[in-house]
Every structure is written in structure tokens, then in C-alpha cells.
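I kept to what could be looked up in the coordinates, and I give each cut-off where its term first comes up.

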Amino acid sequence: MSAVLEVDGLTKTFGGLKVTRGVNLKVERGERHLIIGPNGAGKTTLFNLIAGDLGADAGTIRLAGRDVTAAPTAVRAQQGIARTFQILTLFGRDTLLHNVMLAILGKSRLRWRPWGRLAREQQVREQALRQLEAVGLAAKAHLPLEQTSYGEKRRLEIAMALAQQPVLLLLDEPFAGLSAEERATVHALLESVSREITVVMIEHDMDVALAFADRITLLHYGEVITAGTRQQVVDDPRTREIYLGH
């Protein structure tokens, strides 16, 4: 196996507050890696640094061996990073199909053809429909987003990320706010994602997350406290003290 993501000494400070403190993280190809930690541990900031939405003050980020530390967000997306967000970021007035088509367009040469009509791009349309089928939303492809449930919006966001054919998929709390039935649906969806795609996930629902993860990293006040296999991290007394509460 080879590392898809390597983070070394990653540090970010806001004013006098260090949000990440020399974070080291290595994720192998095809791995399902879980990031856990209390609120304020720096988990989403770490994702923002990896995706390029924030610039690091120190440290390096490598994607499949390539240094992307100084690369803009758009360049990292083109090189294979896709993500979802803790707060949904979708095109609310558009249909589900159009949302996915726009996600595909972001990595297509067609984005340089501003005079064309996206609705007429049959290949993009068919690709988007296949992606919606994969997440169980094909029957609602032509519905406006506002007519769908919160759980369906979560699945749509995952569909949009997968439609970009990423090397590395960052999932920021994909189970947040879902009912038990919706969590089971999203869990089955994530289990079906090809191992060609490496997944790093932030999640607080430990029952679901632990069943999904190969390896876990625990953050606390921006520092890596422990990292390893599921069993190693769960058995670490620091995990019980800081995160599991016993």
C-alpha cells in the first residue's frame, strides 16, 4: 500500500489560538480513517487545511506523494480531493440532477465553454443520473432540492463529491442530524464506496463510525493524542478520558 495523504507538522493559528499543533497524519490508499475528538479539537480546521480552504502556518500536505501545501483549493480538487461539509453546501433552488451535473462540470473541460447549455450535455446528464442511482436518489432526480428531506440532502452531497471521481474523499460529519433509519442508509452507501477511493471521516456517532473505520486519530486541542487501529485507539485510556467519558 502507498500513502494517499501525508500531513506533517501541520499548524494553524488564529490570533493567539493554535487550532492545530504540529498535526501528523498518514492515510494509506483505500483506507477508511476516522478523525475523532471533542468539540473544538480542530477536526474541521484540519479538513479545511487539507482541502485548501485555509492556508497552513507551518507543515506540509502531500497528496499521493505530491506536495500540495501551497496549492489553491481548485487545484487540489483537480488533483483528486473532494469533500462534504458539516453544514450542507448545495444549490438550493436547483434540482438534484442539476446539482450533480454542476459537480461533474467542475472537473470537466466543459467548464471552459460558458456559451454552452449544461442541460444539453447528454454525457454529463447520464453520468449524473448514474451517480444519483448509486445513492438511491434517481427517482427524485428532477425534484427541486427544497422538496427533499435532510437525509436525502446528505446523500446528494455525497453523490456530488463522488461524482468528481476523487482519490481522497473527506467527509465532515455525514451522519449529523440523521434519524436511525437515515444513518443506516448512509452507512450502507459509504460501505459501497470503492476501495479505489480513500476516505477520511469526522464523526461523533461512534457506533456507526467505529464500524466503518480501519484506523482512527484522536485530536484534542489541535494535537494528535493517539492514532492506530480501532482497537488500539478505543483501548487507549486517553481516549476514554478525553472522548468516551469513562
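**Entry 1: Thr198 and its strand**

I began with Thr198, which I found in strand β8 (helices, H or I, of at least four residues and strands, E, of at least two are DSSP runs, numbered from the N terminus). The model is a predicted one, in which local features need pLDDT of at least 70 and side-chain atom pairs count only at pLDDT 80 or more, while totals for chains, interfaces and linings use all residues. Residues are numbered from 1 along each chain as its sequence is written, and side-chain values use heavy atoms, with hydrogens and water left out.

Is Thr198 buried or exposed? Its relative accessibility is 0%, so Thr198 counts as buried (buried means under 20% relative accessible area, exposed over 50% and partly exposed in between, with a 1.4 Å probe and protein chains only). Not counting residues up to four places away in sequence, Thr198 touches a set of residues including Val4, Val27, Gly30, Arg32, Leu168 and Leu169 (contact means heavy atoms within 4.5 Å).

For the strand as a whole, I noted that five of the five residues of β8 are buried. Both of its faces are covered, with Thr198, Val200 and Ile202 on one side and Val199 and Met201 on the other.

**Entry 2: the six-stranded sheet**

I next traced the sheet that holds β8, an open one of six strands in the order β6-β7-β8-β3-β9-β10 with mixed pairing (two strands pair if DSSP finds at least two bridges between them). Its edge strands are β6 (81–83) and β10 (223–229), each of which pairs on one side only. Direction ignored, neighbouring strands of this sheet are turned by 20° against each other on average (axes are lines fitted to C-alpha atoms, for helices over the stretch in contact, and angles run from 0 to 180 degrees between N-to-C directions).

Which strands does β8 run parallel to? I found four bridges joining β3 to β8 in the parallel sense, with Ile202 as the bridge partner of Ile35, and five bridges joining β7 to β8, also parallel, with Val199 as the bridge partner of Leu169. The chain crosses from β7 through helix α6 (residues 180–191) to β8, and this β-α-β crossover is right-handed (with the strands pointing away from the viewer, the path from the first strand over the helix to the second runs clockwise). At the other end of the sheet, six bridges join β9 (residues 215–220) to β10 in an antiparallel arrangement, where Ile216 stands opposite Gly228.

**Entry 3: helix α1 between the sheets**

Helix α1 (residues 43–51) packs on this sheet, touching β3, β6, β7, β8 and β9, and its direction makes about 150° with that of β7. Why is α1 largely enclosed by the rest of the structure? Eight of its nine residues are buried, so the helix is largely enclosed; Leu46, Phe47 and Ile50 are among them. After α1 comes Gly52, with a positive phi near 95°.

I also looked up a second open sheet, of four strands in the order β2-β1-β4-β5 with antiparallel pairing. β2 (17–28) and β5 (66–67) stand at its edges with a single partner strand each, so one side of each is left without a neighbour in the sheet. α1 packs on this sheet as well, touching β1 (3–14), β2 and β4, and its direction makes about 115° with that of β1.

**Entry 4: Ile81 and the cores**

Ile81 lies in strand β6 and is buried, with a relative accessible area of 6%. Between Ile81 and Thr198 I noted 117 residues of separation in sequence and 9.8 Å in space, C-alpha to C-alpha.

Finally, the largest nonpolar core has 44 residues, and those with the most contacts inside it include Ile36, Val100, Leu169 and Met201 (a nonpolar core is a set of buried Ala, Val, Leu, Ile, Met, Phe, Trp, Tyr and Cys residues joined through side-chain atoms within 4.5 Å). Apart from it lies another core, of 24 residues, with Val7, Ile81, Leu168 and Leu219 among them.
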